[in-house]
Amino acid sequence: MGGATVLRLAERALADPRLTEGADATWNLLLCLDPDGLRRNEGWLTGPYALGQYFRNFFRPGFLEQPEWLPDGAAGATLPETRALLDVQDELRPFLQCSLHGVDVGGGFVELTDDLPGLGRRLAHIAARLGIPRELGAYDALYWPGLGPAVYRIPPPRRAGLAAAITEAAVESTWFHPHRHGTVTAVVEAPMWGVAAVTDGSPPADRDAVLRAVSRTLRHDTGLLRHLLARIRPHLAADPDAARLLAPVDDYILVCPGLADAWDPDTGDGAARPLPPLSTAHLAALRISGRRLALRTAGLLHQLVRAAGHDPAGALPELDRLIDEWCADYRDGCGARWIPVARQAEYQARVVLAAFELARRNTSARSRSGEPGWESGAAVPLQRE
């Protein structure tokens with residue numbers, strides 16, 4: 001979705017001088033941060049846009065190969081795409097950075113490193129006009145402060161375990177790296193399949209019953225996937241491609257039991273970090289997130305078996321059954337409905353433009369940080385610059 005939105009933003013910036021000369025601003029557009037990851041997703045990008053097709057061909061790198069994450073800090077970044085992005089950030093020192101993400105199932109929301117007052121109101125208007133559900137209890141931001149409905153503040157990075165890194169992005173990142181330059185980062189999430197329940201901010205009728213059900217389901221699904229992985233792994237060739245698909249599988253299976261315990265009101269494991277007050281939207285997001293982890297794992301296992309060219313463990317029929325069953329739960333149990341690509345891109349572009357306008361206002365009194373070599377000091381008239 002980010003690539004489609006970038007092209008739309010480029011067209012807008014070229015067609016409307018108020019976004020460039022009129023705003024005294026330069027747009028720097030990065031079409032794709034992770035071309036290797038994009039190539040691995042080509043199996044679903046051209047459609048048909050069905051949940052089963054998507055999850056059977058979905059890929060997201062393991063924790064150590066997430067281009068926007070800095071588990072060892074900026075100095076320890078080794079991925080070439082990460083180093084390139086860090087260099088661009090330090091060269092341009094932008095006043096606003098937008099990281100464009102697609103949510104597979106759920107709703108739209110924004111995560112900010114600094115507040116942009118008024119963005120929540122703009123987001124509500126854009127979402128209503130385009131029929132996009134807003135995620136009022138996003139799981140990524142479960143423990144983060146809210147800045148408005150479906151707008152969350154990313155806390156300063158901290159050293160965190162793998163579970164927090166995978167589920168909350170609570171690690172050092174390229175989102176916070178340019179903060180030293182006065183940059184505000186907006187992570188703009190646009191949904192592919194919308195779920196109405198994520199917009200329900202009302203108190204839940206029986207919070208604990210829902211949490212028990214979600215935790216029980218996640219434990220059960222993880223057990224099935226762990227046994228399937230044990231059957232499949234001995235038949236996989238020791239090649240880098242299989243290792244790259246296995247990395248996120250191992251990550252997901254490792255963290256799922258701990259998540260189930262953290263959500264379960266009967267385990268007591270959440271005492272060190274109790275759950276915040278939960279709305280119906282939060283519970284819907286937790287259900288979607290647990291199912292997402294299982295479906296991603298099953299889809300990656302499906303790809304591993306297909307790539308091997310044979311199925312001596314007889315795992316494919318069982319994986320197909322699980323993927324179909326879990327996708328049906330998204331569709332029938334959660335009411336997930338496909339949002340056309342053009343509407344996804346329009347939504348994300350309008351949110352970026354709203355963030356741009358608000359961030360430009362906030363930085364109008366400061367020295368512009370979006371030009372290479374620009375330092376604090378007296379303003380230079382644009383024609384002389």
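Helices (H or I, at least four residues) and strands (E, at least two) are DSSP runs that are numbered from the N terminus. This is a predicted model in which local features need pLDDT of at least 70 and side-chain atom pairs count only at pLDDT 80 or more, while totals for chains, interfaces and linings use all residues. Residues are numbered from 1 along each chain as its sequence is written, and side-chain values use heavy atoms, with hydrogens and water left out.

In the protein chain there are twelve helices and six strands. Of its 385 residues, 50% are buried, where buried means under 20% relative accessible area, exposed over 50% and partly exposed in between (1.4 Å probe, protein chains only). Among contacts (heavy atoms within 4.5 Å) between residues at least 6 apart in sequence, 79% join residues at least 24 apart.

Helix α9 contains A243, which counts as partly exposed because its relative accessibility is 44%. In sequence A243 and G62 are 181 residues apart, and in space their C-alpha atoms are 9.9 Å apart.

A nonpolar core is a set of buried Ala, Val, Leu, Ile, Met, Phe, Trp, Tyr and Cys residues joined through side-chain atoms within 4.5 Å. The largest such core has 55 residues, and those with the most contacts inside it are V105, W263, L286, L301, L319 and Y330.

At least three residues are drawn from each of domain 1 (1-31 + 62-195 + 340-364) and domain 2 (207-335), with bounds that come from an automatic or database domain assignment. Apart from this core lies another, of 42 residues, among them A23, I126, A150 and Y152.

Leaving aside neighbours within four places in sequence, L319 is in contact with L228, I232, A298, L301, H302 and V305.

Helices α8 and α10 pack at an angle of about 10°, with their axes 9 Å apart; axes are lines fitted to C-alpha atoms, for helices over the stretch in contact, and angles run from 0 to 180 degrees between N-to-C directions. That angle makes α8 roughly parallel to α10, since angles under 35 degrees count as roughly parallel, over 145 as roughly antiparallel, 65 to 115 as roughly perpendicular and the rest as oblique. Among the residues that meet are L218, L225 and L228 in α8 and L286, A294 and L301 in α10.
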